[in-house]
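Colleague: I have the structure open next to the sequence, and I'd like to go through it with you. Could we begin with the aromatic side chains and then move on?

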Amino acid sequence: MWRTVSLLGLLLTGTAYAAEALKQDNQHVRSWNAFAKNVYQLHLKLTQVDGINKETRLGGYAQMPEFYLEEQFYLGERLISRVQWEQAQENVLHSVEVFVHDDQGRIIRDFTAAYLPTYRNAPTQTLISLHRYHEQLHAFRTFDASGYRIIERCTGSLEGREVNLLLDEDEIAEALDDPMGIMASAEYQACFGDLQAEAGKYLQPQSALSDQPVALALSNSS
């Protein structure tokens, strides 16, 4: 639910600012569009297997209540991917999310690309989330397709105490400059431990099976 609210919040705000910023950065446009294509290719790879079930529904926004058709793909009880298509334009992608699971059914990575309803020069949201599980804690770090760390989240319990950490991009930057701050705390260390601090190879979406990029669009985007 938290991720869904975050996604919709960005889609419904800052439209003019995001569009203007993208117009001024052609490399950003190319690389983020390539990322969206690669996420979609990963979706295709993970859903072209036996046992996949698809559920559909209509969705939208306050002024556009049936803007997209949403397709959710399940393997058993695991949500593998979620794809939204614009209703008014055939085969036009609105957003795509892919969830990579471990052998226990836990999400270990997820990838998202989403376009604004009224602007399609490039996605205005790209997310790469890397997850870590430790005892009763679940943490993830989220990067955008340019490699910037933009969210850190951890929930659960540690030694009987509730843990609920949420840092946005600005708070992460401040914490990195404060050696005695939240990143030095026992809760933070227990949450994030050895979770990598950079997106690294996951700038190209990868599954748990091959651990290899599913497409070359990103490297060929220049």
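Modeller: Gladly, and please keep in mind that this is a predicted model.

Colleague: What about Tyr-61 and Phe-67, what kind of pair do they form?

Modeller: Tyr-61 and Phe-67 make a tilted pair, with 6.2 Å from centre to centre and 45° between the planes. Both partners are buried, Tyr-61 with a relative accessible area of 7% and Phe-67 with one of 13%.

Colleague: Which residues are in the cluster that the ring pairs link up there?

Modeller: The cluster consists of Tyr-61, Phe-67 and Tyr-68, linked by ring pairs.

Colleague: Switching to charges, what sits over the ring of Tyr-115?

Modeller: That is the charged end of Arg-120, which lies 4.0 Å from the centre of the Tyr-115 ring.

Colleague: Now the strands: in which sense do E8 and E9 pair?

Modeller: Strand E8 (residues 149–158) and strand E9 (residues 161–168) pair in the antiparallel sense, over 8 bridges. Within that pairing, Arg-153 has Leu-166 of E9 standing opposite. The hairpin of E8 and E9 has 2 residues between the strands, and Glu-159 takes a positive phi near 55° in it.

Colleague: Stepping back, how many helices and strands does the protein chain have?

Modeller: There are 5 helices and 9 strands in the protein chain, and from the N terminus on the order of elements is α-α-α-β-β-β-β-β-β-β-β-β-α-α.

Colleague: And what percentage of the residues is buried?

Modeller: Of the 222 residues in the protein chain, 47% are buried. As for the surface, the protein chain exposes about 11900 Å², of which carbon and sulfur atoms supply 49%. Among contacts in the protein chain with a separation of 6 or more, 46% are between residues 24 or more positions apart.

Terms used
Residues are numbered from 1 along each chain as its sequence is written. This is a predicted model: local features need pLDDT of at least 70, side-chain atom pairs count only at pLDDT 80 or more; totals for chains, interfaces and linings use all residues. Side-chain values use heavy atoms; hydrogens and water are left out. Rings of Phe, Tyr and Trp (its six-membered ring) pair if their centres lie within 6.5 Å; planes under 30 degrees apart count as stacked, over 60 as edge-to-face and the rest as tilted. Buried means under 20% relative accessible area, exposed over 50%, partly exposed in between (1.4 Å probe, protein chains only). A charge sits over a ring if NZ of Lys or CZ of Arg is within 6 Å of the ring centre and within 35 degrees of the ring normal. Two strands pair if DSSP finds at least two bridges between them. Helices (H or I, at least four residues) and strands (E, at least two) are DSSP runs, numbered from the N terminus. Contact means heavy atoms within 4.5 Å. Accessible areas come from the Shrake-Rupley method with a 1.4 Å probe; for residues, only the protein chains shown count as cover.
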